[in-house]
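The sequence and the structure are shown first.

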Amino acid sequence: MFKFPKDFVWGTSTSAYQIEGAWLDGGKGLSIWDVFSHTPGKTLNGDNADVACDHYNRLEEDVQLLKNLGVTAYRFSIAWTRIQPTGYGERNKEGVEFYSKLIDLLLENNIDPWVTLYHWDLPATLDMEKDGWLNPNSADYFAEYARICFEEFGDRVTKWTTFNEPWVTTILGYGFGNFAPGRTSNTEPYIVAHNLLRSHGKAAKIYHEEFQSTQKGIIGVCNNCDWREPKTNSEADKEAAERALEFYLGWFADPLYKGEYPKSMRENVGDRLPKFTEEDSAMIKGSCDFFGLNHYTTMLTENDDRENIKNDADGFGGMDEDEKIILSSDESWGKKTTMGWNIVPWGLTKLLKWIDERYDNPEIYITENGAGFDDKFIDGKINDVERIKFLDSYIKATTVAIDSGVNVKGYFVWSLLDNFEWASGYSQRFGMHHVDFKTLKRTPKESAKWYRDLIKKNEI
Ligand code: GAL
């Protein structure tokens, strides 16, 4: 049995595009995900999030679900296009009022709002007119948007995340192109990552210098990382696994905590990896008040020593070619989630220890962890035992890390509701609440009850 500290944060996470719907309401502008999902062939079954969970029109009901869970925190994102429809210029009053209302409802119910400023839904106008994240000036646009949010909500919001999973924005959005804006390149991911880090740095500087002393909040980034386990005991595979973690998490976390990209990246990527100016490096280093981690799975990693691996400018060079690794799964790990992701709880323990050591014992919040399964109604109930088992095992894996001195301060389940799972559309159910996407009715699954009991006991 493990007893969590009294102030351990128990939460659940969502994001704007995945749940809000109301894609043309309240003065909202279009985002790159609106455009992408409306482009034939880009999402499974042509699904889009025009309606999604219709959360925009169901705030009271959804806050009640959170209340029933007993969570102490709720992590959601603000759609930039609701605050500034084109990504720049005047603030849109209706958008501000919508999030203000949500924040007030949460606080009335003793739920701490954890706000993410960017969960992948860049204003499409910024992309069309100004090359989106490829433009170094994106940092100024983002900082201005962040400032509006600090001004409007910072009197009540004290937990800020600038970026959710910058790795996904860069690799899936600009490398593989299977996420918005759908570009494929072996160079652009590095440019975009660089601009995201600079954007974070600028926004965090504004928060720290102009708002923190009065608003008393914290700001950070939520990075995602899977664990990479060496496939064999060979030195080459051990180095490959380490390199893989550096290319995944170190890419973003090293600049944030050490002021520069990992050595393996500088060596392997060469000229395609931008360099920080001294000023940018100083601005980015030390700019996070907490370490946000999203974690889902683990893969075996072996060294790829093939000569002349494909590395052309039209294809994606990052993961396969620059990293020089080959990923695989261990059959003994058993059944996977419906996303095809391995269930390996000890991977989380190892990753937490890796972070703890590399970044000098930061305060870590697991800002996303969860699983997609084929949930079925039987006699009016969804007994999602696989999800309960998944959450139970990953939370236990977290306690093993805490026991060895890792400073984990909170845990958020992805997700509160079944929602629009990006390119996979509505085929993947991650929620502790089932959503019928025809009637939009919400039904708590057994995992919701299980999580509520865990939070109440505060022990596992
Ligand atoms: C994360 C992402 C979420 C959600 C989840 C499940 O990468 O932040 O938006 O989709 O994965 O795939």
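The model is predicted.

**Ligand site**

The ligand sits in the largest pocket. Around the ligand are Gln18, His119, Trp120, Asn164, Glu165, Tyr296, Trp341, Glu368, Trp414, Glu421, Trp422 and Phe430. By class, this shell comprises six nonpolar, three polar and three charged residues.

The ligand taken alone exposes 300 Å², and 95% of that is buried by the protein.

**Aromatic pairs**

Over the whole structure, a search finds 54 aromatic pairs. One of them is formed by Tyr190 and Trp251, with ring centres 5.4 Å apart. Their planes stand at 50°; planes under 30 degrees apart would count as stacked and over 60 as edge-to-face, so this pair is tilted. Tyr190 belongs to helix α9 (residues 188-215) and Trp251 to helix α10 (residues 235-258), so the pair ties together parts that lie 61 residues apart in sequence.

**Backbone features**

Which residues does a cis peptide bond with omega of about 5° join? They are Ala180 and Pro181. Pro181 is located in the loop between α8 (166-176) and α9.

The peptide bond from Trp414 to Ser415 is also cis, and its omega is near 20°. Ser415 falls in the loop that runs between β13 (408-414) and β14 (433-435). Trp414, the other partner in this bond, is among the residues around the ligand.

Asp54 is not a glycine, yet it has a positive phi of about 55°. The loop between α2 (32-37) and α3 (59-69) holds Asp54.

Technical notes: Residues are numbered from 1 along each chain as its sequence is written. This is a predicted model: local features need pLDDT of at least 70, side-chain atom pairs count only at pLDDT 80 or more; totals for chains, interfaces and linings use all residues. Side-chain values use heavy atoms; hydrogens and water are left out. A residue is near a molecule or strand if one of its heavy atoms lies within 4 Å of it. Accessible areas come from the Shrake-Rupley method with a 1.4 Å probe; for residues, only the protein chains shown count as cover. On a 1 Å grid over the protein atoms alone, a cavity is a set of points where a 1.4 Å probe fits but cannot get out, and a pocket is an open set with protein on both sides within 12 Å along at least five of seven lines; lining residues have an atom within 4 Å of a point. A molecule sits in a cavity or pocket if more than half of its atoms lie within 2 Å of its grid points. Ala, Val, Leu, Ile, Met, Phe, Trp, Tyr, Cys and Pro count as nonpolar, Asp, Glu, Lys and Arg as charged, and the others, Gly among them, as polar. Rings of Phe, Tyr and Trp (its six-membered ring) pair if their centres lie within 6.5 Å; planes under 30 degrees apart count as stacked, over 60 as edge-to-face and the rest as tilted. Helices (H or I, at least four residues) and strands (E, at least two) are DSSP runs, numbered from the N terminus.
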